[in-house]
Amino acid sequence: MKKIRFIKKHRLNRSAGGDMGINILLIIFGAFMFLPMVYAISQSLKPLDELWMFPPRFFVKSPTLKNFGDLFKLMSTSWVPFSRYIFNTALVAVAGTFGHLFVASMASYALTKIPFPGRKGMFQLIQKSLMFHQTVGAISGYIIMSALGWVDTYWALIVPAFGSTLGLYLMKQFMETSVPDSVLESARLDGAKEVSIYWKIVMPMVKPAWLTLIVYSFQGLWNTGTSTYIYSEELKTFNYAIQQILAGGIVRSGAAAASTVIMMLVPITVFVITQSNIIETMASSGMKD
């Protein structure tokens, strides 16, 4: 009679040294990715002689807040107040982001969970549209804006943001993997309407996705610069004002460096608050059951 051998399987576990090594490696890469931000802050605190020193220094030697003072002084001398540029940027970023979130989430819900003829072909068109830069449609976009009477208005900056296909694609992919059809069918059997299902069931389940969408959309709109649709100075954004400062030459280099830091602060703050949800979205949007 043959003896049966039982082979004991050994489970591989990382040692404490391995965990420490991975953590050290992640800290090194994290610090390396943080260097551009540190350099931008260092540049904003440098006096003019250090800004144009050769070879350039990474860290500031004699930090000063004069650059920020010069920036506010330049903006205060403009016939359009500094606060107006900030208001325009905030209005476009907030309104465009929430409009885009609403349109993208509603459209992705319909494409994912409501069967109707032609939805596969429609989604293929959305996928193909991701290959084209917005510059390709600049002429047709201007014709549409002119026909609607939206040239030189806030609508010309806000409404086009609603139709960004990247956010729609992201939301659809996340809904497919994170919202089971059985949950929606149970809600329909209980008499829930589609609007209630979308708002009370689907949106809470895809919270990481729409928080990620808010970050991406807000960052893009916050950095909106000059536009072919806007001619009035009082309707232009803060990024446009920065470009005007940069056009002033070497003398305004310190103010330009300070303005770069100000432009970075808001998007970075939004990203830090929602970073865990962004990681979850990126991990889930490409997975299939």
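**View 1. Ring pairs join Y39, F58 and F59 into a cluster.** Rings of Phe, Tyr and Trp (its six-membered ring) are paired if their centres lie within 6.5 Å; planes under 30 degrees apart count as stacked, over 60 as edge-to-face and the rest as tilted. By this rule the count is eight aromatic pairs. The model is predicted: local features need pLDDT of at least 70 and side-chain atom pairs pLDDT 80 or more, whereas totals for chains, interfaces and linings use all residues. Residues are numbered from 1 along each chain as its sequence is written, and side-chain values use heavy atoms, without hydrogens and water.

**View 2. F123 and Y169 form an aromatic pair that is stacked, because their ring centres are 5.9 Å apart and their planes lie at 5°.** The pair links distant parts of the chain, 46 residues apart: F123 is in helix 5 (residues 119-129) and Y169 in helix 8 (residues 165-178). Helices are DSSP runs (H or I, at least four residues), numbered from the N terminus. F123 is buried at 11% relative accessibility, while Y169 is partly exposed at 27%; buried means under 20% relative accessible area, exposed over 50%, and partly exposed in between (1.4 Å probe, protein chains only).

**View 3. Y142 and Y229 form a stacked aromatic pair, 6.2 Å centre to centre with 20° between the planes.** Y142 belongs to helix 6 (residues 138-148) and Y229 to the loop between helix 11 (207-222) and helix 12 (238-246), so the pair ties together parts 87 residues apart in sequence. Y142 is partly exposed at 31% relative accessibility, and Y229 is buried at 13%.

Terms used
Helices (H or I, at least four residues) and strands (E, at least two) are DSSP runs, numbered from the N terminus.
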